[in-house]
Amino acid sequence: MKSLPTIPRFEVFKNRKRILNNPLPFHNENFEKYGDIFRVKIGLRKSVVFTRNPGHIKQVLQTQNKKYHKSPLQTVDLAKYIGHGILTSNGEHWRTHRRMVQPAFHKKKLLGLLGIMQTAIRTELKRIKPNVEEDIFPLMGDLAFQVVAKSLFSRSDIQLAMAKLQDITETNQKMLIKEMRQPYMKWWFNLSGQIRKHMRLSEIGRDVLDKIIEERIQSGEEKDDLLDMLLKARYDDGTPMPRRQLIDEVMILFTAGHETTANVLSFTLFLLAKNKKDQQRVFEEVSQLDLDSDDIMQNISQLTYTKQCIEESMRLFPPAYVIDRISIEEDTLGELEIPKNTLILMSIYELHRYASYWDSPSAFRPERFDVQNKKDFQDYYYPFGAGPRMCVGNNFAMYEMVLAIAEIIKKYDLQTDLNEVEINPLISLKPKEVPLVFLER
(Lines give C-alpha, C1' and ligand atoms only; values in the text may rest on other atoms or scores of the structure.)
Protein backbone atom coordinates (compact mmCIF):
# COMPACT_ATOMS: atom_id res chain seq x y z
CA MET A 1 0.00 0.00 0.00
CA LYS A 2 3.05 2.28 -0.30
CA SER A 3 1.70 3.83 -3.50
CA LEU A 4 -1.53 4.92 -1.82
CA PRO A 5 -1.70 8.67 -1.07
CA THR A 6 -1.45 9.08 2.71
CA ILE A 7 -2.60 11.86 5.01
CA PRO A 8 -0.21 11.96 8.00
CA ARG A 9 -1.29 11.94 11.65
CA PHE A 10 -0.13 15.53 12.00
CA GLU A 11 -2.66 16.65 9.39
CA VAL A 12 -5.45 14.83 11.23
CA PHE A 13 -4.41 16.38 14.55
CA LYS A 14 -4.16 19.84 12.99
CA ASN A 15 -7.76 19.50 11.73
CA ARG A 16 -9.06 17.79 14.88
CA LYS A 17 -11.64 20.46 15.79
CA ARG A 18 -13.31 20.57 12.40
CA ILE A 19 -13.18 16.77 12.10
CA LEU A 20 -14.91 16.45 15.46
CA ASN A 21 -17.60 18.91 14.37
CA ASN A 22 -18.08 17.62 10.82
CA PRO A 23 -15.52 15.39 9.05
CA LEU A 24 -17.22 15.50 5.61
CA PRO A 25 -15.48 18.66 4.30
CA PHE A 26 -12.11 17.17 5.34
CA HIS A 27 -13.00 13.96 3.48
CA ASN A 28 -14.07 15.92 0.39
CA GLU A 29 -10.88 18.00 0.30
CA ASN A 30 -8.77 14.86 0.34
CA PHE A 31 -10.86 13.05 -2.28
CA GLU A 32 -10.55 16.07 -4.57
CA LYS A 33 -6.82 16.31 -3.91
CA TYR A 34 -5.80 12.64 -3.96
CA GLY A 35 -8.50 10.90 -6.00
CA ASP A 36 -11.03 8.20 -5.20
CA ILE A 37 -8.97 6.33 -2.62
CA PHE A 38 -6.45 7.42 0.01
CA ARG A 39 -5.16 6.45 3.42
CA VAL A 40 -5.33 8.37 6.70
CA LYS A 41 -2.87 7.67 9.49
CA ILE A 42 -4.63 7.69 12.87
CA GLY A 43 -1.93 6.18 15.09
CA LEU A 44 1.63 4.88 15.13
CA ARG A 45 0.58 1.67 13.40
CA LYS A 46 -3.04 2.37 12.59
CA SER A 47 -4.48 3.73 9.39
CA VAL A 48 -7.82 3.90 7.59
CA VAL A 49 -8.43 3.57 3.85
CA PHE A 50 -11.13 5.91 2.47
CA THR A 51 -12.79 5.23 -0.88
CA ARG A 52 -15.63 6.62 -2.94
CA ASN A 53 -14.91 4.35 -5.92
CA PRO A 54 -18.17 2.55 -6.84
CA GLY A 55 -16.31 -0.55 -8.01
CA HIS A 56 -14.51 -0.82 -4.67
CA ILE A 57 -17.73 -0.31 -2.74
CA LYS A 58 -19.66 -2.92 -4.74
CA GLN A 59 -16.83 -5.42 -4.30
CA VAL A 60 -16.57 -4.93 -0.53
CA LEU A 61 -20.33 -4.95 0.13
CA GLN A 62 -21.47 -7.45 -2.48
CA THR A 63 -19.25 -9.46 -4.82
CA GLN A 64 -16.48 -10.19 -2.27
CA ASN A 65 -18.42 -9.54 0.93
CA LYS A 66 -17.18 -12.76 2.55
CA LYS A 67 -13.69 -11.24 2.70
CA TYR A 68 -14.94 -8.35 4.85
CA HIS A 69 -16.58 -7.96 8.25
CA LYS A 70 -18.11 -5.06 10.10
CA SER A 71 -15.17 -3.26 11.68
CA PRO A 72 -14.44 -2.82 15.40
CA LEU A 73 -15.96 0.67 15.07
CA GLN A 74 -19.29 -1.15 15.23
CA THR A 75 -18.57 -4.58 16.71
CA VAL A 76 -16.63 -3.14 19.66
CA ASP A 77 -17.11 0.62 20.03
CA LEU A 78 -20.81 0.85 19.13
CA ALA A 79 -21.65 -2.59 20.53
CA LYS A 80 -20.52 -1.68 24.02
CA TYR A 81 -23.40 0.83 24.14
CA ILE A 82 -26.19 -0.92 22.21
CA GLY A 83 -25.26 -4.59 22.44
CA HIS A 84 -24.31 -7.38 20.02
CA GLY A 85 -27.30 -7.55 17.72
CA ILE A 86 -27.52 -7.91 13.95
CA LEU A 87 -26.10 -4.42 13.37
CA THR A 88 -23.00 -4.92 15.51
CA SER A 89 -21.99 -8.56 15.08
CA ASN A 90 -20.18 -10.72 12.52
CA GLY A 91 -19.86 -14.31 11.39
CA GLU A 92 -22.11 -17.08 12.63
CA HIS A 93 -23.54 -14.94 15.43
CA TRP A 94 -24.76 -12.42 12.86
CA ARG A 95 -26.05 -15.05 10.40
CA THR A 96 -28.01 -16.89 13.09
CA HIS A 97 -29.72 -13.80 14.45
CA ARG A 98 -30.31 -12.23 11.05
CA ARG A 99 -32.25 -15.38 10.11
CA MET A 100 -34.30 -15.01 13.30
CA VAL A 101 -35.02 -11.30 12.92
CA GLN A 102 -35.57 -11.19 9.14
CA PRO A 103 -39.08 -12.76 9.13
CA ALA A 104 -40.43 -9.91 11.28
CA PHE A 105 -39.71 -7.55 8.36
CA HIS A 106 -41.11 -9.59 5.49
CA LYS A 107 -43.64 -7.57 3.52
CA LYS A 108 -46.54 -9.84 4.54
CA LYS A 109 -45.71 -9.28 8.21
CA LEU A 110 -45.38 -5.53 7.71
CA LEU A 111 -48.93 -5.41 6.31
CA GLY A 112 -50.16 -6.05 9.84
CA LEU A 113 -48.15 -3.10 11.17
CA LEU A 114 -49.33 -0.49 8.66
CA GLY A 115 -52.40 0.44 10.70
CA ILE A 116 -50.31 0.91 13.84
CA MET A 117 -47.83 2.94 11.80
CA GLN A 118 -50.48 5.23 10.29
CA THR A 119 -52.20 5.83 13.64
CA ALA A 120 -48.91 6.75 15.32
CA ILE A 121 -48.03 9.14 12.48
CA ARG A 122 -51.41 10.89 12.63
CA THR A 123 -51.25 11.22 16.41
CA GLU A 124 -47.83 12.90 16.28
CA LEU A 125 -48.77 15.20 13.38
CA LYS A 126 -51.53 16.73 15.50
CA ARG A 127 -48.72 18.57 17.28
CA ILE A 128 -47.91 20.64 14.18
CA LYS A 129 -48.46 24.36 14.77
CA PRO A 130 -49.80 25.89 11.54
CA ASN A 131 -48.50 29.24 10.29
CA VAL A 132 -45.62 29.31 12.80
CA GLU A 133 -41.99 28.73 11.90
CA GLU A 134 -40.52 25.89 13.94
CA ASP A 135 -37.68 23.41 13.77
CA ILE A 136 -39.36 20.25 12.52
CA PHE A 137 -36.46 17.89 13.31
CA PRO A 138 -37.59 17.29 16.93
CA LEU A 139 -41.13 16.66 15.68
CA MET A 140 -39.93 14.12 13.12
CA GLY A 141 -37.77 12.53 15.82
CA ASP A 142 -40.79 12.07 18.09
CA LEU A 143 -42.90 10.81 15.18
CA ALA A 144 -40.38 8.16 14.14
CA PHE A 145 -39.80 7.31 17.80
CA GLN A 146 -43.50 6.64 18.41
CA VAL A 147 -43.88 4.60 15.21
CA VAL A 148 -41.05 2.26 16.24
CA ALA A 149 -42.17 2.08 19.88
CA LYS A 150 -45.75 1.19 18.96
CA SER A 151 -44.71 -1.21 16.21
CA LEU A 152 -42.38 -2.94 18.66
CA PHE A 153 -44.57 -2.91 21.74
CA SER A 154 -48.17 -2.03 20.69
CA ARG A 155 -48.43 0.23 23.73
CA SER A 156 -49.14 3.90 24.24
CA ASP A 157 -48.55 3.95 28.01
CA ILE A 158 -44.75 3.72 27.96
CA GLN A 159 -43.92 7.21 26.76
CA LEU A 160 -41.92 8.16 29.86
CA ALA A 161 -39.89 4.96 29.77
CA MET A 162 -39.20 5.28 26.05
CA ALA A 163 -38.34 8.98 26.33
CA LYS A 164 -35.75 7.99 28.93
CA LEU A 165 -34.32 5.41 26.54
CA GLN A 166 -34.27 7.95 23.71
CA ASP A 167 -32.31 10.40 25.86
CA ILE A 168 -29.81 7.70 26.85
CA THR A 169 -29.17 6.61 23.26
CA GLU A 170 -28.63 10.20 22.10
CA THR A 171 -26.27 10.94 25.01
CA ASN A 172 -24.24 7.78 24.36
CA GLN A 173 -24.09 8.48 20.65
CA LYS A 174 -22.40 11.82 21.27
CA MET A 175 -19.82 10.10 23.45
CA LEU A 176 -19.20 7.44 20.81
CA ILE A 177 -18.60 10.08 18.14
CA LYS A 178 -15.95 11.70 20.36
CA GLU A 179 -14.24 8.31 20.74
CA MET A 180 -14.29 7.62 17.00
CA ARG A 181 -13.10 11.04 15.87
CA GLN A 182 -10.55 11.53 18.64
CA PRO A 183 -8.88 8.10 18.94
CA TYR A 184 -5.79 9.78 20.40
CA MET A 185 -7.95 10.80 23.41
CA LYS A 186 -9.17 7.31 24.24
CA TRP A 187 -6.76 7.01 27.17
CA TRP A 188 -8.32 10.12 28.71
CA PHE A 189 -11.90 8.98 28.11
CA ASN A 190 -11.07 5.80 30.04
CA LEU A 191 -9.00 7.46 32.77
CA SER A 192 -11.58 10.18 33.43
CA GLY A 193 -14.40 7.64 33.73
CA GLN A 194 -16.40 9.05 30.83
CA ILE A 195 -16.73 5.67 29.11
CA ARG A 196 -17.78 3.95 32.36
CA LYS A 197 -20.39 6.64 32.95
CA HIS A 198 -21.94 6.14 29.53
CA MET A 199 -21.84 2.36 29.80
CA ARG A 200 -23.80 2.66 33.05
CA LEU A 201 -26.36 4.72 31.15
CA SER A 202 -26.56 1.93 28.60
CA GLU A 203 -27.35 -0.57 31.35
CA ILE A 204 -30.15 1.70 32.60
CA GLY A 205 -31.56 1.68 29.07
CA ARG A 206 -31.37 -2.10 28.94
CA ASP A 207 -33.25 -2.28 32.25
CA VAL A 208 -36.04 -0.18 30.71
CA LEU A 209 -36.41 -2.67 27.87
CA ASP A 210 -36.08 -5.67 30.16
CA LYS A 211 -39.03 -4.45 32.23
CA ILE A 212 -41.22 -3.95 29.14
CA ILE A 213 -40.33 -7.41 27.82
CA GLU A 214 -40.98 -9.05 31.20
CA GLU A 215 -44.40 -7.38 31.45
CA ARG A 216 -45.32 -8.75 28.01
CA ILE A 217 -44.23 -12.28 28.93
CA GLN A 218 -46.10 -12.19 32.25
CA SER A 219 -49.27 -10.87 30.61
CA GLY A 220 -49.45 -13.85 28.26
CA GLU A 221 -50.91 -11.53 25.60
CA GLU A 222 -50.20 -11.88 21.91
CA LYS A 223 -50.05 -8.56 20.07
CA ASP A 224 -48.60 -9.71 16.73
CA ASP A 225 -46.15 -6.81 16.91
CA LEU A 226 -42.39 -6.90 16.41
CA LEU A 227 -41.75 -7.91 20.02
CA ASP A 228 -44.10 -10.90 19.67
CA MET A 229 -42.28 -11.99 16.53
CA LEU A 230 -38.92 -11.82 18.29
CA LEU A 231 -40.27 -13.69 21.33
CA LYS A 232 -41.51 -16.46 19.04
CA ALA A 233 -38.23 -16.69 17.08
CA ARG A 234 -36.33 -19.94 17.66
CA TYR A 235 -32.84 -21.28 17.12
CA ASP A 236 -32.41 -24.48 15.12
CA ASP A 237 -32.65 -26.52 18.32
CA GLY A 238 -36.03 -24.95 19.16
CA THR A 239 -34.83 -22.70 22.00
CA PRO A 240 -35.74 -18.98 22.17
CA MET A 241 -33.26 -16.08 22.28
CA PRO A 242 -31.69 -15.51 25.70
CA ARG A 243 -33.08 -12.39 27.35
CA ARG A 244 -29.87 -10.39 26.93
CA GLN A 245 -29.74 -11.19 23.20
CA LEU A 246 -33.40 -10.26 22.83
CA ILE A 247 -32.72 -6.92 24.53
CA ASP A 248 -29.75 -6.36 22.18
CA GLU A 249 -31.94 -6.89 19.12
CA VAL A 250 -34.73 -4.68 20.45
CA MET A 251 -32.23 -1.96 21.40
CA ILE A 252 -30.78 -1.95 17.89
CA LEU A 253 -34.19 -1.96 16.18
CA PHE A 254 -35.28 0.90 18.39
CA THR A 255 -32.10 2.96 17.95
CA ALA A 256 -31.58 2.45 14.22
CA GLY A 257 -35.27 2.35 13.43
CA HIS A 258 -36.27 5.78 14.64
CA GLU A 259 -33.13 7.84 14.17
CA THR A 260 -32.45 7.33 10.46
CA THR A 261 -36.14 7.77 9.58
CA ALA A 262 -36.36 11.06 11.49
CA ASN A 263 -33.31 12.33 9.63
CA VAL A 264 -34.62 11.42 6.17
CA LEU A 265 -38.08 12.85 6.86
CA SER A 266 -36.57 16.15 8.00
CA PHE A 267 -34.32 16.45 4.94
CA THR A 268 -37.17 15.48 2.60
CA LEU A 269 -39.58 18.05 4.02
CA PHE A 270 -36.93 20.75 3.67
CA LEU A 271 -36.26 19.78 0.04
CA LEU A 272 -39.97 19.84 -0.76
CA ALA A 273 -40.31 23.25 0.89
CA LYS A 274 -37.46 24.54 -1.30
CA ASN A 275 -38.71 22.88 -4.50
CA LYS A 276 -42.31 23.99 -4.86
CA LYS A 277 -42.94 22.25 -8.20
CA ASP A 278 -42.02 18.91 -6.69
CA GLN A 279 -44.13 19.63 -3.62
CA GLN A 280 -47.09 20.45 -5.86
CA ARG A 281 -46.63 17.22 -7.78
CA VAL A 282 -46.62 15.24 -4.51
CA PHE A 283 -49.78 17.11 -3.43
CA GLU A 284 -51.54 16.26 -6.69
CA GLU A 285 -50.56 12.60 -6.31
CA VAL A 286 -51.71 12.43 -2.68
CA SER A 287 -54.96 14.30 -3.42
CA GLN A 288 -56.10 11.51 -5.71
CA LEU A 289 -56.05 8.97 -2.87
CA ASP A 290 -58.29 8.29 0.10
CA LEU A 291 -55.76 8.13 2.92
CA ASP A 292 -58.51 6.81 5.21
CA SER A 293 -58.84 3.69 3.08
CA ASP A 294 -58.29 0.37 4.82
CA ASP A 295 -56.01 -0.70 1.97
CA ILE A 296 -52.97 1.22 3.17
CA MET A 297 -50.56 -0.84 1.07
CA GLN A 298 -52.50 0.00 -2.08
CA ASN A 299 -52.12 3.70 -1.28
CA ILE A 300 -48.39 3.30 -0.69
CA SER A 301 -47.97 1.53 -4.02
CA GLN A 302 -49.63 4.46 -5.82
CA LEU A 303 -47.51 7.16 -4.13
CA THR A 304 -44.70 6.67 -6.65
CA TYR A 305 -43.52 10.28 -6.96
CA THR A 306 -43.67 10.71 -3.18
CA LYS A 307 -41.34 7.72 -2.89
CA GLN A 308 -39.03 9.17 -5.57
CA CYS A 309 -38.71 12.39 -3.54
CA ILE A 310 -37.65 10.36 -0.50
CA GLU A 311 -35.16 8.37 -2.58
CA GLU A 312 -33.64 11.55 -3.99
CA SER A 313 -33.46 12.99 -0.47
CA MET A 314 -31.51 9.89 0.62
CA ARG A 315 -29.16 10.39 -2.31
CA LEU A 316 -28.34 13.93 -1.22
CA PHE A 317 -28.37 13.10 2.50
CA PRO A 318 -27.70 9.35 2.92
CA PRO A 319 -28.46 8.18 6.49
CA ALA A 320 -25.43 5.86 6.45
CA TYR A 321 -23.08 8.47 5.01
CA VAL A 322 -20.03 6.24 5.63
CA ILE A 323 -19.98 2.43 5.73
CA ASP A 324 -17.13 0.65 7.51
CA ARG A 325 -15.59 -2.76 6.87
CA ILE A 326 -12.40 -4.57 7.84
CA SER A 327 -10.72 -7.14 5.61
CA ILE A 328 -10.51 -10.60 7.18
CA GLU A 329 -8.26 -11.89 4.37
CA GLU A 330 -6.19 -10.42 1.59
CA ASP A 331 -7.98 -8.87 -1.37
CA THR A 332 -7.32 -6.62 -4.35
CA LEU A 333 -9.29 -3.47 -5.14
CA GLY A 334 -8.42 -2.64 -8.74
CA GLU A 335 -4.62 -2.59 -8.75
CA LEU A 336 -4.43 -2.01 -5.01
CA GLU A 337 -3.50 -4.87 -2.70
CA ILE A 338 -5.54 -4.91 0.51
CA PRO A 339 -3.78 -6.76 3.35
CA LYS A 340 -5.72 -8.60 6.03
CA ASN A 341 -7.05 -6.36 8.85
CA THR A 342 -7.29 -3.24 6.68
CA LEU A 343 -9.97 -0.83 7.92
CA ILE A 344 -11.94 0.61 5.00
CA LEU A 345 -14.39 3.50 5.18
CA MET A 346 -16.61 3.84 2.11
CA SER A 347 -18.00 7.34 1.66
CA ILE A 348 -21.60 6.97 0.48
CA TYR A 349 -22.04 10.73 0.87
CA GLU A 350 -19.26 11.36 -1.66
CA LEU A 351 -20.45 8.65 -4.05
CA HIS A 352 -24.03 9.99 -4.04
CA ARG A 353 -22.76 13.44 -5.03
CA TYR A 354 -20.07 12.35 -7.47
CA ALA A 355 -20.35 14.32 -10.74
CA SER A 356 -18.87 11.43 -12.73
CA TYR A 357 -21.98 9.37 -12.00
CA TRP A 358 -24.78 11.87 -11.36
CA ASP A 359 -25.94 14.68 -13.63
CA SER A 360 -26.13 17.95 -11.62
CA PRO A 361 -25.36 16.04 -8.41
CA SER A 362 -26.27 18.88 -6.03
CA ALA A 363 -29.73 19.38 -7.60
CA PHE A 364 -32.92 17.86 -6.19
CA ARG A 365 -34.33 15.83 -9.08
CA PRO A 366 -36.75 13.09 -7.95
CA GLU A 367 -37.36 12.05 -11.56
CA ARG A 368 -33.95 10.33 -11.44
CA PHE A 369 -35.68 7.59 -9.47
CA ASP A 370 -38.43 6.85 -11.97
CA VAL A 371 -38.62 3.06 -12.17
CA GLN A 372 -37.38 3.15 -15.78
CA ASN A 373 -34.11 4.79 -14.68
CA LYS A 374 -33.24 2.58 -11.71
CA LYS A 375 -30.77 0.37 -13.57
CA ASP A 376 -28.74 3.47 -14.43
CA PHE A 377 -27.58 4.04 -10.87
CA GLN A 378 -27.85 0.72 -9.03
CA ASP A 379 -24.05 0.63 -8.58
CA TYR A 380 -23.88 4.23 -7.32
CA TYR A 381 -26.73 4.34 -4.79
CA TYR A 382 -26.60 2.76 -1.33
CA PRO A 383 -29.07 4.45 1.06
CA PHE A 384 -29.60 1.21 3.01
CA GLY A 385 -26.24 -0.41 2.31
CA ALA A 386 -26.05 -3.47 0.03
CA GLY A 387 -25.37 -7.18 -0.02
CA PRO A 388 -26.15 -9.56 2.86
CA ARG A 389 -25.74 -6.75 5.41
CA MET A 390 -28.32 -4.49 3.78
CA CYS A 391 -30.59 -2.84 6.38
CA VAL A 392 -33.18 -5.37 7.55
CA GLY A 393 -35.76 -2.63 8.13
CA ASN A 394 -35.54 -0.88 4.76
CA ASN A 395 -39.14 -1.69 3.74
CA PHE A 396 -40.48 -0.70 7.17
CA ALA A 397 -38.68 2.64 6.89
CA MET A 398 -39.90 3.35 3.34
CA TYR A 399 -43.53 2.58 4.19
CA GLU A 400 -43.35 4.83 7.23
CA MET A 401 -41.73 7.70 5.35
CA VAL A 402 -44.12 7.54 2.38
CA LEU A 403 -47.11 7.58 4.73
CA ALA A 404 -45.73 10.46 6.79
CA ILE A 405 -44.89 12.65 3.78
CA ALA A 406 -48.32 11.93 2.23
CA GLU A 407 -50.19 12.89 5.42
CA ILE A 408 -48.21 16.13 5.78
CA ILE A 409 -48.35 17.31 2.17
CA LYS A 410 -52.08 16.60 1.87
CA LYS A 411 -52.79 19.02 4.74
CA TYR A 412 -49.99 21.58 4.56
CA ASP A 413 -48.10 23.75 2.12
CA LEU A 414 -44.48 23.76 3.31
CA GLN A 415 -42.40 26.93 3.22
CA THR A 416 -38.92 27.88 4.41
CA ASP A 417 -36.48 30.79 4.18
CA LEU A 418 -33.53 28.48 4.81
CA ASN A 419 -31.23 28.15 1.80
CA GLU A 420 -29.29 25.12 2.95
CA VAL A 421 -29.53 22.68 5.84
CA GLU A 422 -26.49 22.45 8.09
CA ILE A 423 -25.66 18.79 8.55
CA ASN A 424 -24.55 17.03 11.70
CA PRO A 425 -22.83 13.71 10.90
CA LEU A 426 -23.10 11.50 13.97
CA ILE A 427 -23.68 7.75 13.71
CA SER A 428 -26.14 8.67 10.97
CA LEU A 429 -26.45 11.91 8.99
CA LYS A 430 -28.59 14.39 10.92
CA PRO A 431 -29.72 17.94 10.18
CA LYS A 432 -28.85 20.54 12.83
CA GLU A 433 -32.02 22.59 12.40
CA VAL A 434 -34.85 22.58 9.87
CA PRO A 435 -37.09 25.66 10.33
CA LEU A 436 -40.30 25.26 8.29
CA VAL A 437 -43.72 26.89 8.17
CA PHE A 438 -46.77 24.66 7.70
CA LEU A 439 -49.53 26.62 5.93
CA GLU A 440 -52.91 24.90 6.03
CA ARG A 441 -54.23 24.10 2.57
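Okay, let's start with a definition: buried means under 20% relative accessible area, exposed means over 50%, and partly exposed is in between, using a 1.4 Å probe and protein chains only. Keep in mind that this is a predicted model, where local features need pLDDT of at least 70, side-chain atom pairs count only at pLDDT 80 or more, and totals for chains, interfaces and linings use all residues. Residues are numbered from 1 along each chain as its sequence is written, and side-chain values use heavy atoms, with hydrogens and water left out.

So, rings. Phe, Tyr and Trp rings (the six-membered one for Trp) pair if their centres lie within 6.5 Å; planes under 30 degrees apart are stacked, over 60 edge-to-face, and the rest tilted. By that rule we get 16 aromatic pairs. One of them is Phe 145 with Phe 254, edge-to-face, 5.4 Å centre to centre and 75° between the planes. Phe 145 sits in helix 9 (residues 137–153) and Phe 254 in helix 14, so this pair ties together parts 109 residues apart in sequence. Helices here are DSSP runs (H or I, at least four residues), as are strands (E, at least two), numbered from the N terminus. Phe 145 has 3% relative accessibility, so it counts as buried, and Phe 254 is buried at 0%.

Another edge-to-face pair is Phe 377 with Tyr 381, at 5.7 Å centre to centre and 85° between the planes. Phe 377 is buried at 8%, and Tyr 381 is too, at 13%. Ring pairs also link Phe 31, Tyr 34, Phe 38 and Phe 50 into a cluster.

Back to helix 14, residues 243–274: its axis and that of helix 17 (residues 304–316) come within 9 Å and cross at roughly 105°. Axes are lines fitted to C-alpha atoms, for helices over the stretch in contact, with angles from 0 to 180 degrees between N-to-C directions. Under 35 degrees is roughly parallel, over 145 roughly antiparallel, 65 to 115 roughly perpendicular, and the rest oblique, so helix 14 and helix 17 are roughly perpendicular to each other.

Who touches whom? Taking contact as heavy atoms within 4.5 Å, Val 264, Phe 267, Thr 268, Leu 271 and Leu 272 in helix 14 meet Cys 309, Ile 310, Ser 313, Met 314 and Leu 316 in helix 17.

Last stop, helix 6 (residues 91–101): its buried residues include Trp 94, His 97 and Arg 98. The buried residues of helix 6 pack against strand 4 (68–69), helix 13 (226–232) and, once again, helix 14.
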